Amino acid sequence: MEAAFLHDGVVYIERERGNMLRLGLTPEAAREHLEAKYRIYSREKGAFTCACCGQRVVMVLYEDKAIFRHYDIESCTGEKNYAAYNAGRERAAELVRKHADGMELLREALSERHGEHYTAEEGYLHKKELRHVPDFLLTFDNGEKWALDYIVALRGDSLYRRRLRSRLSSYRANGFKPLFLLDRAWLAVTESAYISYNQSELEMRLPANPYDERWRHAISDLPMPLPGPVHSIVYLDVPKAQAVLTRFQLSGDRWGRLLFEPSELALPELLAADESLLTETGERMLKLFKPGEQSAISRYCGRLKQELLMAREEEAAVQKEAHKPGLKERQEIRRSVNPVSGAAIAAPAIPAADASKLLSLLERCKQSPRRPDYPGLENNLARAEVCVARVMGGADDAEDCYRAAWSLLRNMSYPLLGE
Ligand SMILES: [Zn+2]
């Protein structure tokens with residue numbers, strides 16, 4: 001394993017080696033440095049003891065790795081956990097480096113919070129043998145445990161998913177709440193505020209928490225066509241040293257409708273225990289809620305209410321229009337009222353550029369991923385399509401159709417396209 005006690009401190013040997021490499025030392029020079037610094041404690045004094053079981057361990061320096069080893073590997077669960085931890089880790093050098101950088105960042109953030117309401121340790125130091133070992137284990141003062149993992153490789157295949165499920169069920173069996181931080185490289189968001197995820201990614205969402213529940217509760221009070229659960233996925237931006245929080249409602253099996261733009265959060269903030277929950281309910285929870293999010297909930301719901309109201313008014317207006325005499329009949333009436341100008345009423349041509357703008361707006365509305373969420377707009381979309389077809393076909397009521405189509409599409413473009 002990589003951690004051992006030396007007197008009253010813990011030496012993270014592989015981490016120390018990694019830091020030297022980052023500073024530009026060659027692997028050979030780093031090894032020599034560690035050898036010179038610790039050899040006497042390791043061999044001659046027998047001063048290193050295991051951070052898990054307390055038995056004596058020795059430093060072993062490989063060309064590409066530095067570890068501590070027990071004389072009797074079988075006697076320590078930490079050593080077994082370390083082997084299981086390594087077996088589950090990425091092998092590619094680039095991913096190993098990326099993961100190490102993220103771990104370093106998390107260690108720093110955790111050390112700021114360590115001892116406030118929980119203690120944090122490397123997962124493999126857990127006293128019980130684990131089949132799947134998390135990067136870190138957080139133990140709250142009431143004994144509740146969180147498994148924290150930084151995920152650098154995300155795949156969509158079934159093998160990856162099976163392993164993930166096995167990990168999740170092992171965490172459940174041990175009573176660990178999972179907190180996965182996915183590398184930010186995996187965050188994919190469209191301009192229309194949809195997040196794209198694969199099924200493994202969705203399974204790495206936050207466990208049930210009061211924050212998703214606050215959103216769900218507020219939204220389910222609205223006259224929404226499709227209210228549903230709210231989920232969150234957290235990403236880790238290592239270069240910026242920040243977490244990125246996303247919250248969304250499902251929309252199909254690969255898309256989530258974001259409730260706000262992905263929000264950056266300082267890591268020590270994300271990893272702080274929620275003091276107000278602790279006081280109010282005694283619940284131990286990491287503060288996976290961004291500052292000011294409570295008012296974001298009210299704003300979001302207010303806006304949605306407005307949109308729904310507008311869509312309904314528009315629909316009612318169109319229904320009313322449908323009961324009036326048809327366009328053709330109205331033109332007939334106008335002609336009969338003013339027979340002199342009758343000939344001039346024959347449809348003026350709509351400029352081609354305007355017609356094509358209209359057509360492109362129609363197509364974008366039709367292809368919007370939000371369309372399934374607003375079944376109430378389908379009638380208007382169909383009406384708009386008929387109108388646009390008449391405009392494009394140069395029908396004699398083209399001008400009226402042009403105006404009607406614009407009015408219909410403009411009202412739909414907010415809910416469907418967010419513009
Ligand atoms: Zn041990």
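Which residue follows H4, and is its phi positive or negative? Select Gly115: this glycine comes after H4 and has a positive phi, near 90°. Keep in mind as you click around that this is a predicted model.

Now step back to helix H4 itself, residues 93-113. Its 21 residues reach 30 Å from first C-alpha to last, close to the 30 Å expected at 1.5 Å a residue. Color the buried positions next: His99, Gly102, Met103, Glu104, Leu105, Leu106, Arg107, Ala109, Leu110 and Arg113.

Next stop, the metal. Select the zinc ion and show Cys50 (SG), Cys53 (SG), His70 (NE2) and Cys76 (SG), which coordinate the zinc ion at 2.0 to 2.3 Å. Along the sequence, these donor residues follow the spacing C-x2-C-x16-H-x5-C. Cys50 sits in strand E3 (residues 48-50) and His70 in strand E5 (residues 66-70), so this pair, 20 residues apart, links distant parts of the chain. Cys50 and His70 are both buried. Check the angles among the four donor atoms too: they run from 102 to 120°, and the site is tetrahedral. For reference, the ideal angle for four tetrahedral donors is 109.5 degrees.

Last, pick helix H10, residues 293-323. With 31 residues, H10 reaches 46 Å between its first and last C-alpha, close to the 45 Å expected at 1.5 Å a residue. Its buried residues include Tyr300, Cys301, Leu304 and Glu307.

Technical notes. Residues numbered from 1 in each chain as written. Predicted model: local features only at pLDDT ≥ 70, side-chain atom pairs only at ≥ 80, totals over all residues. Heavy atoms only, no water. Helix = DSSP H or I, 4+ residues; strand = E, 2+ residues; numbered from the N terminus. Expected span 1.5 Å × (residues − 1). Buried < 20%, exposed > 50% of the residue type's maximum accessible area, 1.4 Å probe, protein only. Donors = N, O, S within 2.8 Å, 3.2 Å for Na, K, Ca; no water. Tetrahedral: all angles 85-135°; square planar, octahedral: opposite > 155°, others 65-115°.
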